[in-house]
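Here is a short briefing on a protein model. Look at the structure first, then work through the points below.

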Amino acid sequence: MTRNISIFAHRGASGYALENTLKAFEKAKKMGADGIELDVQCTKDSVLVVFHDIDLFRLTGKRKKINECTYDELQSYPLGKHFYRRLSKERIPTLEEVVHWAMENQMPLNIELKETLINNVEVLNQFLRRIQLPKGSHFSSFHEELIKNVKMQRPDFETAFIITKKFNWNQLSPNIHYDAIHAHKRYYKHDLLDLCKKANKRIRFYSVVGIEPFLSDPHPAVIGWITDYPNKVAKKVSKK
């Protein structure tokens with residue numbers, strides 16, 4: 001799918017398949033997504049895995065944190081919601097597995113670095129020093145220290161800071177260590193987008209579902225949409 005504004009499938013095509021699994025990533029590819037957004041946590045034995053929550057309960061039913069478990073232990077936990085997990089063959093994938101899949105398919109990744117990486121920076125750095133990623137890939141995080149670390153290790157990688165309501169848009173500067181901002185669609189406001197453009201910072205919006213009016217005529221600062229429904233967003237933008 002070719003367009004100026006890329007569509008990244010949030011945790012894969014998570015509106016149709018179990019989030020952060022290879023099945024969800026394959027589904028997103030078939031739906032024509034331009035890239036995959038995924039989350040990275042670190043296990044007790046320093047394995048980078050693709051999983052959103054620090055708590056395992058929502059998708060495994062286990063009352064444990066992901067950084068309290070070894071990778072082998074995690075592989076014994078089927079993934080799914082409620083009783084469906086009893087029949088599930090899905091397991092938490094490693095970041096290495098997903099990167100291998102992405103390279104084979106030349107599928108750009110938006111790699112969100114989660115909270116367990118803060119105390120495992122050297123594990124992250126070992127990954128950064130040797131990794132290759134498809135063109136258009138980037139790293140994002142709510143944790144600015146992790147984004148700064150990526151930029152120090154690999155200045156060739158694009159970085160994006162995921163903002164919250166505490167973010168001071170007026171402090172945006174061309175010299176800051178992230179290249180882009182990721183924001184909830186509630187922040188799609190022209191005065192804020194103008195500040196991004198002035199600071200030479202690009203922006204992607206998440207929680208997009210495919211019915212938003214701004215999809216048809218996006219601000220020049222916008223470079224991406226992040227969505228659970230890549231097919232719906234693609235259909236909307238194709239009608240421009």
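This is a predicted model.

**The cavity**
- The count comes to 1 cavity of 30 Å³ or more.
- The volume of the largest cavity is about 30 Å³.
- Its lining is made up of E19, N20, V50, F51, H52, L59, L79, I92 and P93.

- The largest pocket has a volume of about 320 Å³.
- It is lined by 14 residues, and A17, L18, E19, G80 and K81 are the closest to its centre.
- Sorted by class, the pocket lining has 4 nonpolar, 4 polar and 6 charged residues.
- E19 lines the largest pocket, and E19 also lines the largest cavity.

**Helix α7**
- Helix α7 runs over residues 190-198, and L192, L193 and C196 are buried in it.
- Why do these residues lie on the same side of α7? They cover an arc of only 100 degrees around the axis, which puts them on one side together.
- An α-helix has 3.6 residues a turn, so residues three or four places apart point the same way.
- H190, D191, K197 and K198 sit on the other side of α7 and are exposed.
- What do the buried residues of α7 pack against? Their partners are the strands β7 (180-184), β8 (202-208) and β9 (222-227).
- After α7 comes N200, with a positive phi near 60 degrees.

**Helix α6**
- Helix α6 spans residues 144-153.
- Its buried residues are L146, I147, N149, V150 and K151.
- These buried residues pack against β4 (109-113), α5 (121-130), β5 (138-141) and β6 (158-162).

- N125 belongs to helix α5.
- Is N125 buried or exposed? N125 counts as buried because its relative accessibility is 5%, and the cut-off for buried is under 20%.
- Leaving out residues up to four places away in sequence, N125 touches N149 and Q153.
- One of these contacts is polar: the side chains of N125 and N149 meet at 2.6 Å.
- N149 is itself among the buried residues of α6.

Methods: Residues numbered from 1 in each chain as written. Predicted model: local features only at pLDDT ≥ 70, side-chain atom pairs only at ≥ 80, totals over all residues. Heavy atoms only, no water. Buried < 20%, exposed > 50% of the residue type's maximum accessible area, 1.4 Å probe, protein only. Helix = DSSP H or I, 4+ residues; strand = E, 2+ residues; numbered from the N terminus. Contact = heavy atoms within 4.5 Å. Arc of directions from axis to C-beta. 1 Å grid on protein atoms, 1.4 Å probe; cavity = no way out; pocket = protein on both sides within 12 Å on 5 of 7 lines; lining within 4 Å. Points joined across faces, edges and corners; volume = space filled by probe spheres on them. Nonpolar A, V, L, I, M, F, W, Y, C, P; charged D, E, K, R; others polar. Polar contact = N/O pair within 3.5 Å; in protein donor to acceptor, adjacent residues only side chain to side chain.
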